[in-house]
Amino acid sequence: MTDPATDRPADPSDPAHHAIDPELRSRALDGIIQLLPRVLKRELPEVTESACLFDEVGLTSAATLELILELEDHLDVQIDVEGIDQDDLRSVGTLAGFVAGHVIAED
């Protein structure tokens, strides 16, 4: 079975495995698509879930940080970015899955 957030095989025993909230993933996906033009300061053609963030959309390292900060405000959550890696930034969908699985619970 594949983890929909990463397109990698799901392995619940993997310490990096996080439960994905489907509703939050959907909200994160919508937020990313909505925020990308503002973060990149330009209009974008239609962005899909499978769009490659760096190659197709033109995201940079600095813009990635800005996008995540904007997304935290948009979703009113705090995202634990400590474990983020290149695979999590592969596409709009993989980033949405990462966000949905890495929200820091409020005490």
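Relative accessible area, computed with a 1.4 Å probe on protein chains only, sorts residues into buried (under 20%), exposed (over 50%) and partly exposed (in between). The legends below describe a predicted model, in which local features need pLDDT of at least 70 and side-chain atom pairs count only at pLDDT 80 or more, while totals for chains, interfaces and linings use all residues. Residues are numbered from 1 along each chain as its sequence is written, and side-chain values use heavy atoms, with hydrogens and water left out.

**View 1. The salt bridge between Glu70 and Arg38.** The structure holds five salt bridges, each defined as a side-chain nitrogen of Lys or Arg within 4 Å of a carboxyl oxygen of Asp or Glu. In this one, the closest N and O atoms of Glu70 and Arg38 are 3.0 Å apart. Because Glu70 belongs to helix α2 (residues 61-75) and Arg38 to helix α1 (residues 22-40), the pair ties together parts that are 32 residues apart in sequence; helices here are DSSP runs of H or I with at least four residues, numbered from the N terminus. Glu70 has 23% relative accessibility and therefore counts as partly exposed.

**View 2. The salt bridge between Lys41 and Glu66.** The closest N and O atoms of this pair lie 3.8 Å apart. Lys41 sits in the loop between α1 and α2 and Glu66 in helix α2, 25 residues apart, and the pair thus links distant parts of the chain. Lys41, at 65% relative accessibility, counts as exposed, whereas Glu66, at 30%, counts as partly exposed.

**View 3. The salt bridge between Arg90 and Asp87.** Their side chains meet at 3.7 Å, N to O. Arg90 is partly exposed at 32% relative accessibility, and Asp87 is partly exposed at 37%.

How values were computed
Helices (H or I, at least four residues) and strands (E, at least two) are DSSP runs, numbered from the N terminus.
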